[in-house]
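Morning, everyone. Please look at the sequence and the model on the screen, and then we will walk through a few places together.

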Amino acid sequence: MADDWDEGRSLSVADRLAAEALIVDVEGFEGPLDLLLTLSRTQKVDLRRISVLKLAEQYMIFVNQAKQLRIELAADYLVMAAWLAYLKSRLLLPPDPTEEGPSAEDLAAHLAFQLERLEAMRDAAARLMARDQRGRDFFVRGLPEDVTLQRKVTWTATLVDLMRAYARIRTKDEFRPFVMDRHHVYTMEQALERMRGMLNWFGDWADLNGYLPEGWDGHPMRRRSATAAHFAAILEMAKRGQIEVRQGETFAPIQIRRKEC
């Protein structure tokens, strides 16, 4: 032991660092998951259906064969080996009902999911790196091309065309179809039917405005419509000899009464 210690002291600092340095490059594997993915592919089944027991055995065999590459200094590989040994023991032994945490089947399923995700990432990286690269597969132009835009406007419309277009737009905006407001219109038929019903109630001479319907004397438009309709109605009734009509002078109130037989 003293000889080993003396030999270690005789080594320089650079030699000791080179001896203890670890280069994780085991046949191109970058880590334990990469190694597990390659070992699982040898089973030639879906990653979700791999045998974790067989995978653990293959991993242990590989670690034992790689000792000459100082794999014992790689903590990640040793941790994965210990975890696989623990998982293998849990899969082989009956489950303990009092034990808390995830089951061995859940841990195995999680490992299979990690391997499946790693494979998807590697496939995506491979497709990305296989694409054409600028400077290797295709090249850009040496000098940018100068693009000049030339616009030439030719007017074909005459002054008459402009006036017609302007008139068509103004006519379209200002033209509105006439719609009569029936709410403020009193028809002659309504007035005639109403006056015939009131014929027996006519007394001595009375002003025509007194016979206008209730509610039609407040609004100017409604008052004019009701007055015109009732005036036409009394003319029709006077023609048939049912009433008498008189007006003392121009613009004087029109008076009516029932005609006596």
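What share of the contacts in the protein with a separation of 6 or more comes from residues 24 or more positions apart? The share is 59%. Contact here means heavy atoms within 4.5 Å.

Some ground rules. This is a predicted model, where local features need pLDDT of at least 70, side-chain atom pairs count only at pLDDT 80 or more, and totals for chains, interfaces and linings use all residues. Residues are numbered from 1 along each chain as its sequence is written, and side-chain values use heavy atoms, with hydrogens and water left out.

Now the overall layout. The protein has 9 helices and 3 strands. Helices (H or I, at least four residues) and strands (E, at least two) are DSSP runs, numbered from the N terminus. Starting at the N terminus, the order is α-α-α-α-α-α-α-α-β-α-β-β.

Next, the surface. Of the 261 residues, 23% count as buried. Buried means under 20% relative accessible area, exposed means over 50%, and partly exposed is in between (1.4 Å probe, protein chains only).

On to a helix pair. Two packed helices are described by the angle between their axes and the distance between the axes. Take helix 8, residues 188-197, and helix 9, residues 220-239: their axes come within 8 Å and cross at roughly 60°. That makes helix 8 oblique to helix 9. For the angle words: under 35 degrees is roughly parallel, over 145 roughly antiparallel, 65 to 115 roughly perpendicular, and the rest oblique. The axes are lines fitted to C-alpha atoms, for helices over the stretch in contact, with angles from 0 to 180 degrees between N-to-C directions.

Who meets whom? From helix 8, the residues include M188, L192 and M195; from helix 9, they include A229, A233 and I234. The residues of this contact divide into 9 nonpolar, 1 polar and 3 charged. Nonpolar covers Ala, Val, Leu, Ile, Met, Phe, Trp, Tyr, Cys and Pro; charged covers Asp, Glu, Lys and Arg; the others, Gly among them, are polar.

Stay in helix 9 for S225. S225 counts as buried, because its relative accessibility is 15%. Beyond its neighbours within four places in sequence, S225 is in contact with H184, V185 and Y186.

Now the strands. Leaving out neighbours within four places in sequence, its contacts include M195, W205, I234 and V245. W205 is 51 residues away along the chain, yet the two C-alpha atoms are separated by 5.4 Å.

R246 lies in strand 2. Its relative accessible area is 41%, so R246 is partly exposed. R246 and I256 are 10 residues apart along the chain, with C-alpha atoms separated by 6.5 Å. R246 touches W205, P253, I254 and Q255, not counting residues up to four places away in sequence.

Last stop, the loop between strand 2 (243-246) and strand 3 (255-258), where F251 lies. F251 has a positive phi of about 65°, although it is not a glycine. F251 is exposed, because its relative accessible area is 81%.
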